[in-house]
Amino acid sequence: MKIVVCIKQVPETNNVTIDPVTHNLDRRGLAGVMNPFDKNAIELALHLKDTATEDVQVALLTMGPDDYAESLREGMAMGADTGYLLSDRAFAGADTLATGYVIAQALKKIGDADLILFGRQAVDADTGQVGPIVAEFLHQPQITYAASLRLSGKNEVTAERLLEDTKQTLVAQLPAVVSVRSELNTPRYPTPRNIQLSFDKPLTVWHHDDLDLDDSRLGQAGSPTIVTKVYAPKPVKRELTPLTGTPSEAASQLIKALKGRQLI
Amino acid sequence: MPSTTAAAEKLLLQMVDDYTEREISPEDMPMDAAGDFPAGFMQKLTDTGFLGIMLPQEFGGAGFGPEVTAKALNHIARGNASTAVTLEGHFKTIDQILKFGTPALQKQLLPSANDRIFAFSMTEASGGSNPLGISSTATREGDHWVINGDKIMITNGGLAQVYCVLVKTAPKELSVFVVDQDMPGFSFGKREDFIGLSGTPVGEIVMDHIIVDDDHLLGKLGDGGIIGDSAHDDARILMGAVLTGIMEHELKIATDYAKERKAGDTPLTALQVTHRKVADIAMRKETTRLLYQNAAKLKAAGQPYSEEAAMAKAHGSRAAVSAGDDTLQILAGYGYSREYPVEHLIRDARAMEIAEGTVEKMRSAIATAEFNK
Amino acid sequence: MSKPELWVIAERRLDHIEPTTQQLITKAKHLAGNAFHTVVILFEATNDHLEDELKPYGPDEIRVVRDDRFPTATDAEHADALEQLVHKYQPNSILFGATITGRSIAPRLQAKFQTGLTADCLDLRFDDDTLVATKPSYGDNIMCEIICPDHRPQMATVRPNTFVAETTTGDATVTTDTITFHPVDRLQVKAATPVVNTATTVGDATRVVALGRGAASAATIDTATQLAEKLGGRIGVSRPLTDQERFTHDDQIGQSGNTIHPELILNFGISGAVQYLVGMQDSQTIVAVNADKDAPIFDVADYGYVGDASAFMSALLDQFV
């Protein structure tokens, strides 16, 4: 069985600032770390590897600059077998669609993945879109926000999916794309020894020419969305609506207001 | 791309920070209150591979060098000095087996250092800083050795399963043997009730007619003094690292508090009296860091580092106590309260003016080294 | 020439409409003015009449597609059905709730049309027929305005409770349409069950009744407990109350306790020290009741009452249906 976990590297904190002159994001001095939610996806893959009766190979896949290799190493230190880095200037500036396209093309080249896993979303951009986009490009069914997942038969997984107030049980024939909730598991720590040994595991870097790509769908040019403005939100002082009169009168005003906000 | 070594160091420290923040740091105050680490704590630490950080890969460890190992303890101590000191005691012992043990002894013992804690024991009731005053002995009987004696104040004593023990093999001859808690004649004595580093057990072992073969002799007969000094040197670098971590913790408490509070209408951050204290804490922390990292660098390069290691601990221990005192004063009433960790950091730091050689003894060693230049 | 269509995709929750849909209808109507035709797309089973829950919010049209497979349809099947409708009507823009369902279906539809999708929006506006979507990033520390100038439909998912749903007079036209349902056999929804709010900690609760020094008597705490039960929430406390036997540090809100952001927090007898405020000021709706009119809690509150916390709480509980 082959599992590919798609991961992203994100800034170590979300405390980014805006350059007052250029109005660009100032990410100087912010080290990159693996998107924390992606560790849950890796943990799921490793758990399947640890418990399945068949041989399970876990590969990691990411797209980004060369230093994203650090996150691949970290995932390999957790226990993944191999890593793929998709790195090329042509991929830069991609939105979720252009990113999903390159990831999908890389998955085709890796081939035969039974399970393609994603974290629920990246903590920086917070979209959670790339998983479903990849599933669509690969014509695969998807289970997003899985709260649990187990192998329930040959080439079959059973998952629970938690919607806001509904729990679904889904059964998928593999291959399938799954994104996982962070409540699913507690990711293991890479042990110090496995950190060292991860540098002996294969890490493959694919550039533009290594993949079968339509250039018009890459990077900024291949991204339908354009960011026109970036700004730091002003802390909004809330508009206070006073409740007045006797406690009883005030309570009834509040109930009306909360009903309007669909809170009760 | 950074070198493999640098990348591995970064990943290790990142992992150490994560684990410390989530698993070790939250236990710091409870450990101090309970006087012990909680059940399961050491097992988790072991499962996460912390015991093997500096153990060579051939023995199943990670094989990080002296500089990275010291940094790892520095980072752990930011959240919990006790845990860092427990690892310090373990690592310094492994270091002596690596330096002085025969290949056969290493092969026999070291693979288990990934999941068993090791300890180095010198002190006896008759006096800590006078090795020849000890009364433990190893005597030759037939083709093996018989060890008798009583060792106290052992870092990790009672927790560790493997002990390097300093004994007399002749009236003026000190040697080191390795004994295991499973050997007949081995038993644990009392645990010390110390005022700080409550998560690090310090206790006694009693050796009553323990029989070992020649292969459990570390180094040669008569090497005891050299091995003991070497263990001190290695421990002192790591203690400098632990003290740096304590001071980073103190500095964070002091600056967080100062940024939040006002004296009357004036923010504490605008008061010169705060500036002076915070700057002093920061300078003490940074000088200690430079001292321990310098000693670790010399060690990694195979150069002498005994004097530099002594400086890291002698300077760092008083620095951390003073920095704690300044932090306490910035927090005033809260600093004196058990609700904040300041008072317990001072108690933790205070231990390191005594353990692994008193600061007085280290100053003598530093001065002697200077006279001899 | 007919007006371009602005769509809101209705989302169902077992047997009712997810509230975000109604919030989006109100917002879509404001956005549309006279320039767009607002259409709600509703997939339901043949005997469902969920459109009745949508009509009061007054979209121009509710376009209903019925198939008994919809209630348990998967993301791919929903996206496939939407694809057919998009081909047919060529809407200008499509809005989804940034719920788990919306965030799962929308990107599949986006990929089919290779168009832009902006996630989890906090504001929307039109510049001519270009949708300008405001999207938070970096944990809401940064806001981005994002457009999709050259591709249609324009798509966005919108964070629940960003907009307030308003009912209107006037009737929405209900039309029906058909699509070809393409079942995906490889994935099946085997069961769907409602989940009751099982918050076990104040950090998990979507509704919180918070008590401070001014609401600390045993009787007040009893009343607050009943209120929390009715709301389906939990009690949280400011630091002074952690000394009480009934509460522990786990119940504490604030810098040294839990940082929470529930949908609703009712603060009783809490003055609002900075350490407390940082732990709860990102809550969606904040209500404060305090005897001191100058209490800092009122600076972060949406609704405030100056008066006795216990009396107000009792009155609120009495009027709760």
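Axes here are lines fitted to C-alpha atoms, for helices over the stretch in contact, and angles run from 0 to 180 degrees between N-to-C directions. Helices (H or I, at least four residues) and strands (E, at least two) are DSSP runs, numbered from the N terminus. This is a predicted model, where local features need pLDDT of at least 70, side-chain atom pairs count only at pLDDT 80 or more, and totals for chains, interfaces and linings use all residues. Residues are numbered from 1 along each chain as its sequence is written, chains are lettered from A and ligands numbered from 1 in the order in which they are written, and side-chain values use heavy atoms, with hydrogens and water left out.

On the α6(A) side, the contact (heavy atoms within 4.5 Å) involves residues including A:Leu254 and A:Ile255, while α6(C) brings in C:Phe312 and C:Leu316, among others.

Next comes the sheet in chain C. It is open, has seven strands in the order β7-β11-β6-β1-β4-β5-β12, and its pairing is parallel; two strands pair if DSSP finds at least two bridges between them. At the edges sit β7 (117-121) and β12 (173-177) of chain C, each pairing on one side only. From one strand to the next, the twist averages 25 degrees. Strands β4 (residues 37-44) and β5 (residues 61-66) of chain C run parallel and are joined by six bridges, with C:Ile41 opposite C:Arg63 in β5(C). Helix α2 (residues 75-89) of chain C lies across β1, β4, β5, β6 and β12 of that chain, at about 145 degrees to β4(C). Helix α3 (residues 100-113) of chain C also packs on the sheet, where it touches β6, β7 and β11.

Most residues other than glycine have a negative phi, and most peptide bonds are trans. The bond from A:Leu174 to A:Pro175 is cis, with omega near 5 degrees, and A:Pro175 lies in the loop between β11 and β12 of chain A. C:Arg152 and C:Pro153 are also joined by a cis peptide bond, omega being about -5 degrees. C:Gln90, in the loop between α2 and β6 of chain C, has a positive phi near 50 degrees.
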